[in-house]
Amino acid sequence: MIRSLIAQARQAQLNRRTLLAGAGAGASALALAACSTGGGQSKPTAAADNSATDKTLNWANWAAYIDEDDAGNYPTLVAFEEETGIKVNYEVAVDDNNTYYGKVKDQLALGQDIGADTVCLTDWMVARWIRFGYTQALDHGNIPNLANLTPSLQNVDFDPGREMSIPWQGGFAGICWNKEAVPGGLSSVSDLWNPELKGRVGVLSEMRDTMGLLMLENGVDISGEWGDDEYNEALDLLRKQVEDGQIRNIKGNSYLEDLKSEDTLAAICWSGDITVINAEAGDKWEFLIPSGGGTLWNDNFLVPIGSPRKTNAETLINYYYEPEVAAEVAAWVNFITPVVGAKEAAIEIDPELAENQLIFPNEETLSNAFVFRSLSGAEEQKYQADFQSILLGA
């Protein structure tokens, strides 16, 4: 039964990523305009908290990003409602960081309720919301299970001390290859440039992952101090590999179709996707965090500035930081849980799942994964534009 659930979860994960691929073109169009929005405005005021009298909660999240049964119910969420008396409206509302932001940014700037009391967004987008004052400060007293947060995620440069955001799930970007076509395997990003792979390499259209891996290969700590020189060195390498025909495609999640058709034999990729493609099409692909390091990203809970139910949201976050609950979610979504103790709880579900380093990475694995540092509005606009110029020419 458990293995059947896991198989369903992997297919659900594929569905989520397919949605992302479909949204990619619109997201790219929004990216440059959206990243500068809000910089010159005064920050809005947080809404009054009515949680004491209003036992409801609106949660906006990505598709296939929570445990789900055959009837379309969310078992952990049903248990939360029974335990707390808080009725949750779970909405699959986020199809892409930029497109979601484009829908709600005007309301956020005015401090209005966007219809979500908590939203799960990716690190760099959370950094933008925090920078513009679009999030509410969290009361850690309402989240005692925050003590279970993985130490490496307790302090990040865009939110020191996790005052405004708390991780939901995470993943790696690294390299992958077709084990039949590349029997010797790969160990570094530089191996993607091997002559025998010319025209059969793919890279991601997510700037922070592709550029992050290239910069790490150059010895740059992408979570530390770096600037235009380090970025441009990696950008020049990417441009050369595109112009020389080494790189076949720069894509969003549709890169999986290129792997399956063998149009590409190796790629910069996302960890969870390779678990999915192996489950769907046979154990043909290998994922590796390259020797230079991989990127580590997280989607994070935040409470929008206009939410009138902050305490309810904090109660929800606290619930999902119970190790047993986190393990149940991990068995479905197959991404990294940030909750200490979830691995031990997962052993009771499936010992094999609990040993998977792409879901429950140990300290050694995490030591070679780096969070792309947060960018200023000007940096984001410049770096994305430069990367986009190569993407459009590929």
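This is a predicted model: local features need pLDDT of at least 70, side-chain atom pairs count only at pLDDT 80 or more; totals for chains, interfaces and linings use all residues.
Colleague: Is Val203 buried or exposed?

Modeller: Val203 is found in strand 5, residues 201-204. Buried means under 20% relative accessible area. Val203 has a relative accessible area of 2%, so Val203 is buried.

Colleague: What separates the C-alpha atoms of Val203 and Ile268?

Modeller: Ile268 is among the residues that Val203 touches, along with others including Leu238 and Ile247. Val203 and Ile268 lie 65 residues apart along the chain, yet their C-alpha atoms are separated by 4.7 Å.

Colleague: How many aromatic pairs does the structure hold, and why does the pair of Trp168 and Tyr320 count as edge-to-face?

Modeller: The structure holds 19 aromatic pairs. Planes over 60 degrees apart count as edge-to-face. The ring centres of Trp168 and Tyr320 are 5.3 Å apart and the planes stand at 85°, so this pair is edge-to-face.

Colleague: Which parts of the chain does the pair of Trp168 and Tyr320 tie together?

Modeller: Trp168 is buried at 3% relative accessibility, and Tyr320 is buried with a relative accessible area of 3%. The pair ties together parts 152 residues apart in sequence, because Trp168 lies in strand 4 (residues 165-178) and Tyr320 in helix 9 (residues 310-320).

Colleague: Which residue has its charged end over the ring of Trp226?

Modeller: Trp226 forms an edge-to-face aromatic pair with Phe372, 5.4 Å centre to centre and with 75° between the planes. Trp226 is buried, with a relative accessible area of 7%. At 4.2 Å from the centre of the Trp226 ring sits the charged end of Arg373.

How values were computed
Residues are numbered from 1 along each chain as its sequence is written. Side-chain values use heavy atoms; hydrogens and water are left out. Helices (H or I, at least four residues) and strands (E, at least two) are DSSP runs, numbered from the N terminus. Buried means under 20% relative accessible area, exposed over 50%, partly exposed in between (1.4 Å probe, protein chains only). Contact means heavy atoms within 4.5 Å. Rings of Phe, Tyr and Trp (its six-membered ring) pair if their centres lie within 6.5 Å; planes under 30 degrees apart count as stacked, over 60 as edge-to-face and the rest as tilted. A charge sits over a ring if NZ of Lys or CZ of Arg is within 6 Å of the ring centre and within 35 degrees of the ring normal. Lists of a residue's contacts leave out its neighbours within four places in sequence.
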